[in-house]
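The structure is shown first.

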Amino acid sequence: MRVALFVTCVNDAVYPATGIATVELLERLGVTVDFPAGQTCCGQPAFNTGYRRETLPLVRRTLHAFQGYTHVVTPSGSCAAMVRRHYPELAGAAGAELATRTYELTEFLVDVLGVVDVGACFPHRVTYHPSCHGARLLGLGDRAHRLLTAVKGLELVELPGADECCGFGGTFAVKNPQVSTAMGRDKTASALATGAQVLCGADNSCLMHLGGLLRRQDAPLRTLHIAEILNSTEEKPRP
Amino acid sequence: MTPPEPRACHTPQSSRGRILARVRAAVAGAPEAPEPARDHLASHAPGDPADLADLLHANLADYRAVVHRTDGPGLPALIARLLADHGARSVAVPDGLPDHWLGDADAERRTDEEPLTTRRLDETDAVVTGCALAIAETGTIVLDGGPGQGRRALSLIPDLHICVVRAPGQIVASVPQALPLLDPARPLTWISGPSATSDIELDRVEGVHGPRRLEAVLLTGAQR
Amino acid sequence: MRRSTTPAHGAAPVHLGMPSFPRAAAEAVHDRTLRANLRHATHTIREKRAGAVAELDDWDRLREAGKRIKDHTLRHLDRYLEQLEEAVTGAGGAVHWAEDAAEANRIVTALVKQTGEREVVKVKSMATQEIGLNEALRAEGIAAYETDLAELIVQLGDDRPSHILVPAIHRNRGEIRDIFADRMGRWGRPAPEGLGDDPRELAEAARLHLREKFLRARVAVSGANFMVAETGTLVVVESEGNGRMCLTLPETLISVVGIEKTVPTWRDLEVFLQTLPRSSTAERMNPYTSMWTGTAAARARDGDGPRTFHLVLLDNGRTGVLADDVGRQALRCIRCSACLNVCPVYERAGGHAYGSVYPGPIGAILSPQLRGIGSDIDASLPYASSLCGACFEVCPVAIDIPEVLVHLRERVADRGGAGRRLEKAAVKAAGWLLDHPGALAAVERTASRTRALLPNRPPGAGAWTAERELPELPPEPFRDWWRKNRT
């Protein structure tokens, strides 16, 4: 199977390790990965801030970049939701068509590849924050839990109030910084109380916010994208 | 559902005319709204009448109504006891209440033939009424001012409301089953437990302005 | 006293000098008592609501039915309003039409004056708060007494409501005790000596304080949850019995109701009487629901209910909302407040930060539509959300609040203005860069290579870095890794 990786702009510039882990993980599972170089950003930041006109060139660019692939896989629930939820309205039939081919990573693993145990090993205590767009707009449900539970050595601890927003919210994080960080601190407090060593998520933008709060507090908890945990094996462990 | 035919426009100079004109302009060209599917359930409750009475009982009790069961012959004694237990010395009697319901009661009966004033009702300890129907899944009793139910003020001002529901005859399963049986031209009061508030810290507290005690009597078996 | 003023736009009052949402919210976030009160209350009701909803297997179908009934009504609102008017008039009521707050207040004031009374009792009503009726009546020497427990707390405390269902949600029992003890005497019967802070005791104090007002009241003012066009029936859903008192005992009843509260048929109530109680107070059914049709009861049975009934149909910006293809769904709202109780922003910011009688997610889409986006607060409300979608999930009439928020952000962005110029330039610059992958790669590469030189808290990034670290930049962007390792 050949898929196109939609790495997303945030992962490209700030979290390449997530993109690399996604590539290696998919290849380990027998998938051939392409990276169409024309891709940049799905347009969500501009769209959600009220700049619809400025979004359209990015939508066209994304449509063009992923032409011809039966599966487009992205390690971001939020960007997958942008495509699935808004592209049909922003780009008509072509947008609707790309929406049907676009998969968030955990969704692709569980639904398309049909795997839950990806052969990973990560002997740490982990708690999982399901980001809002993945949970509510894509309906990812317990896919991440099933994947993480199957990871060798991984102890998954429930995050109390997991379904509550972390407070990132794109430009919300800087337009309403006090409320954003208040939400984030409640989330990091819940995560810290679990005693986990790793706060895992499937959206690096949320983890950027939570990780930023945790590092400012010098908290004994780090954030990690689920792709990097699933790409950690006994032969090549992720520290 | 089909909306009613448009009427002749009143003078557009009035507020009425201007509001209606704005409404028309606002929706002109809007897509037709699809017909509601109405595929929701007519009832969430079991079909057996005996089960319905149990469900009503449980749901009334869940919201702090006190529920009793008796048959026709036992009713007067039960009402008398409930009035006595609450120390009720006077009881409002709605028009059309069966005489014998209060046959054993010691409390002073205050009939509404000459309408009881609001002040007089405020000095009355209790009221006994029947009802129009009751809804099992929500634990609701509906009064419609029919015989034995009285004016709305009667079942509102006295602090103790004893309400008799004929079971199974007056019990329906659900809200969708209740509405077709009710006449909107009558004043309707839906009662689900005693007066309550959640206004302080969103914790439910029973007893504010309406009757603070609701004693519901399910009248089963022989009704006389 | 609630200070308010009617803005040039002409709709609902904006609280005077109301700062933008982020500034107002920033204060609330640091109020520990407020945060604790809100957290306790919203979490309590949130879980109860989920339980009450889970009891109904057909919740999704009820939600869809409610949405469609409202959409259909709105699509033909002119005809249903005319039908409603005819039915109410036929049942002995009088119908008045008010284009805006000022007209509604004039109508109600004149009707009260006609009775010769100087005081009215009020059932909790969002519409009368929206138009500032109490202030308008007071200016004409008429005292309006709020009778809902929470509204009483707000009124006695010279406060503003901060929640649709529970206007005093920002107050805890201790604060309420103090308000009752200090203020009840000024308005009527004082609080009992040695009043404690047990909610039961507080409810009892309210009962005693208000009873004398109910018994002597000759005029009542209410809103309504629903108006049935085919029958002319009005419905008020409540808990405490203050509604029954107001709707039953006075001789004159004046109901001020937004035009969007219309439903076509009696049968339609079967949907909303199932979804509203479970969504708002998380009950299978609220303790009391009153339904009346004109003055039929007073005429048919001597003395049952008010002899005179006036219905004031209120526009006040609603027809403007109706004209917006995306925004009109806000008019489906049945004011259950489920969206407030699940909103993480509301929980931290509190209701007052929204600068409107409609706080929370629904307020963030309703206020800027009813009032326009001319003020700081109204232009900032569409951004008062992380777009997490919890509100949409619980809405019993399926209002896609995030969709409307983004739509209103477009309106604010389009309007431009001083505050937006920089943002627009930034969006355009980013847009250009993101549309030129070669340039983007160069920028990413430069940033990565010079990362050691970049400051941890660069100027202009204060909104992020005041409480958060910026992420460390990687040695190279993903696209460079790909080029080196996979091509």
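Predicted model: local features only at pLDDT ≥ 70, side-chain atom pairs only at ≥ 80, totals over all residues.

The pairing to which the two strands belong is antiparallel: β9(B) and strand β11 of chain C, residues 288–293, are joined over four bridges.

## The contact between chains B and C

Two pairs of chains touch, and chains B and C have the most contacts of the two. On the B side 69 residues take part, and on the C side 86. The elements of chain B that give two or more residues to this side are α1 (15–27), α4 (118–122), α5, β9 (188–191) and β10 (196–197). Helix α1(B) gives the largest share, with eleven residues. By residue class, the side of chain B that touches chain C holds 34 nonpolar, 18 polar and 17 charged residues.

## The contact between chains C and A

Chain C also touches chain A, with 46 residues of chain C in contact with 51 residues of chain A. Seen from chain C, the elements that give two or more residues are α1 (21–29), α16 (344–349), α20 (401–415), α21 (418–434), α22 (437–449), α23 (462–465) and α24 (478–486). The side of chain C that touches chain A divides into 29 nonpolar, four polar and 13 charged residues.

Chains A and B, in turn, are joined by no contact. Their closest C-alpha atoms lie 17 Å apart.

## Domains of chain C

The domain assignment of chain C gives domain 1 as residues 14–318 and domain 2 as residues 423–486. Taken over C-alpha atoms, the centres of domain 1 and domain 2 of chain C are separated by 52 Å.

## Strand β4 of chain B

Strand β4 of chain B, residues 126–129, has parallel partners in β2(B) and β7(B). With strand β2 (residues 90–93) of chain B the pairing runs over two bridges, and Val91(B) has Ala126(B) as its bridge partner. With strand β7 (residues 160–166) of chain B there are four bridges, and here Val127(B) stands opposite His161(B).

In a regular strand, side chains alternate between the two faces of the sheet. Ala126(B) and Val128(B) lie on one side of β4(B), with Val127(B) and Thr129(B) on the other. These four residues are all buried, and both faces of the strand are covered.

## The surroundings of Ala173(B)

Ala173(B) is placed in the loop between β8 (171–172) and α5 (175–178) of chain B. Is Ala173(B) buried or exposed? Ala173(B) counts as buried because it has 23 C-beta neighbours inside 10 Å, where the cut-off is 20 or more.

Apart from neighbours within four places in sequence, the residues in contact with Ala173(B) are Ser43(B), Ala45(B), Leu52(B), Ala136(B) and Glu137(B). The C-alpha atom of Ile135(B), 38 residues away along the chain, is 5.5 Å from that of Ala173(B).

## Helix α2 of chain A

Helix α2 of chain A covers residues 16–28, 13 residues in number. From its first C-alpha to its last, α2(A) reaches 18 Å, close to the 18 Å expected at 1.5 Å a residue. Its buried residues are Pro16(A), Thr18(A), Gly19(A), Ile20(A), Ala21(A), Thr22(A), Val23(A), Leu25(A) and Leu26(A). Just after α2(A), Gly30(A) has a positive phi of about 90°.

Definitions and conventions. Residues numbered from 1 in each chain as written. Chains lettered and ligands numbered in written order. Buried ≥ 20, exposed ≤ 12 C-beta atoms within 10 Å, placed from the backbone. Contact = placed C-beta atoms within 7 Å. Domains from an automatic or database assignment. Pairing = 2+ DSSP bridges. Nonpolar A, V, L, I, M, F, W, Y, C, P; charged D, E, K, R; others polar. Expected span 1.5 Å × (residues − 1).
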